[in-house]
Amino acid sequence: MFVINCPYCGEREQSEFKAGGEAHIVRPKQPTELSDDEWAEYLFMRKNIKGIQFERWNHIHGCRKWFNMIRDTSNDEIKAVYKMGDEPPKI
Amino acid sequence: MKNKYSIFSLIKNAFSYHENWEKAWKDPVPKKEYEIVIIGGGGHGLATAYYLAKKHNIKNIAVVEKGWIGGGNTGRNTTIIRSNYLWDASAGLYDHSLKIWESLSQELNYNVMFSQRGVMNLAHNLQDVRDLKRRTHANRLNGIDAVYLSTEEVKKFCPIINTSPDIRYPVLGGTLQKRAGTARHDAVAWGYARGADEMGVDIIQNCEVKGIKRNGNIIEGLETTKGFIKTKKIGVAAAGHSSVIANMAGLKLPLESKPLQALVSEPIKPIIDTVIMSNAVHAYVSQSDKGELVIGAGTDDYISYTQKGSHDIIEGTLNAILELYPIFSRMRMLRQWGGIVDICPDASPIISKTSINGLYFNCGWGTGGFKATPGSGDLFAHTIANDEPHKLNAAFNLNRFVSGDLVDEHGAAAVAH
C-alpha cells in the first residue's frame, strides 16, 4: 500500500489506481508482417523486473488518465512519475 | 537408511525426551559438479529432486535454496488441494497430482495431513451458475468427481453460510468436489526433503543463485553465494522469482509477479469442516487443525516482490467473508502475510524446456501451485530426465505463447484470481 502522485491530480492512495503493466512496449507498426515469435514477444513476454521498473498506471477512480511511473518493485518505492509521451526522467 | 517414523520410533524416542531424533536431512557443502541442479527449495523443487532420484535413478542432484526450504510460497499458501479444472489438459495435470496426494503420506513415511474434506465453490449470479454447471459437466467427462448443489444443498453442506436472498451477492448454488481438501504445507516440503536426502540429493540452503553460466546455447553451471557449481542441467522452480532467474540466462518469460495475501484468525472450536471458495466476491475460507480460520484474499494488480500487499484487498475479502458468514463478525485476525506469485496470461503453469539446452522451467503456477506440488514434481522430473515433456504436461510448454494454443483457465476453472 502506497501513495501515488498522479501528474494530474496530486497525491492519492494507490487503491484509486489501476496498474497497467510494463511501460514503453511499442505496438508494432505493421502487425501483419510480424512472425509468431515477434507477436508472442510483444503480447506476452515481460521483463517482470525485481528492482527499478518502468510501468503504466491509470487513475481509474480519479481523472481516468494514463501516466508512467518508475518504481522499485523490491520495496514499492516510487522514483518518478511522468506523463504519457514524455521522456522518462533520469534517476 | 533412515529410521522409519512409526508409533514404535515415537515411543523409543520418548524415552530420551525426543532429544535424539535423527536429522531429517543433512546440511551439505555444495560439491563442484552435479548432474542436475534444481533452483528453489520449495515443494515443487524438492518434489522434482525426489522423483528424479526415485523414478529416474539420478542421484547426483542438488537443490539450491536462497533461504530455508519451504520458506517461500510453500509456507505461505492456504493449502487448498482440488482438481476441478475446466479444460482437459488442466484436469489431467491437477488430477494426476490429486491422485499422488491420496497416498503421499504413506509413500514419504511422513504425515502430510492430507484431509479430503471437500472444496465447495459458490455461484452468486446467473453467469456463475452457468459457468459452474458447465465446469461440473466437463469435470465428470474427465472422470473427476464433481456435483452441482442448489442453494439448499449448499446450506445443508455448510450450515453457517448466509443463504438469504437479500444479501449483495446471494448464494445461487455451488459445486462440490469431495476428493478435494487441504494438507499441511510445511510437511510436504519436509517430507520430500527427507525422502530426497535419503536417496542422496544434496539440499543446500542459504545458497542464492547469482548468475547462470552458459556457452552459447548450452548450460555450463551457476554462480551462487556458495561458489560456482558446474552442471549441464538446471531445473528452475523459483515461483515468484522465476523471471529473475530467467533474466540471468537472458530469457524473458510471460510472467508477472504479484503479491497474494492470506490471513488467519484466532483459533476457535470446529465450525467449518470443508473449504469454501467464492470467485465473485473473492474470498475463500477453511479451518486449520489448530482451529484458526485460514482466509485467502486476492492479488494486487501491480508487480511487486515485497511479500506484503494492499490493505484494501484484505478489506474487500473480509467484507465478503462477513456477508457470507455473519457468525464471524467478531473474530479477530492474528496474522496476515503475502507471497509473490508468478502469473501467466492464461492462468496456467509452464513445465517446459526452453530455447537453451539444459535449462528447464517450472513456473507460472500463479495463485494455485500448492495443490499441484506432487504432480508438478513428478512431471518436471520426467521433463528434465528425458529432455521432453510427459504427455500430461505437453500442453504446458513455453511455445504455447507463440502458437496461441493457450490453456485459458482464467475464471474458467474456479481459479479465484
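A polar contact is a pair of N or O atoms within 3.5 Å; within protein, one must be able to donate a hydrogen and the other to accept it, and residues adjacent in sequence count only if both atoms are side-chain atoms. In this predicted model, local features need pLDDT of at least 70, side-chain atom pairs count only at pLDDT 80 or more, and totals for chains, interfaces and linings use all residues. Residues are numbered from 1 along each chain as its sequence is written, chains are lettered from A and ligands numbered from 1 in the order in which they are written, and side-chain values use heavy atoms, with hydrogens and water left out.

I begin with Asp202(B). This residue belongs to strand 8 (residues 202-204) of chain B; strands are DSSP runs of E, at least two residues, and helices are runs of H or I, at least four, numbered from the N terminus. The side chain of Asp202(B) makes a polar contact of 2.6 Å with the side chain of Tyr34(B). Beyond its neighbours within four places in sequence, Asp202(B) is in contact with residues including Pro28(B), Ile61(B) and Val63(B), contact being heavy atoms within 4.5 Å.

I turn now to the sheet. Eight strands of chain B form an open sheet in the order 5-6-4-13-14-15-12-16, with mixed pairing; two strands pair if DSSP finds at least two bridges between them. Its edge strands, strand 5 (147-149) and strand 16 (333-343), each pair on one side only. Within chain B, strand 14 (residues 283-287) and strand 15 (residues 292-299) pair in the antiparallel sense over four bridges. Tyr284(B) has Gly296(B), in strand 15, as its bridge partner.
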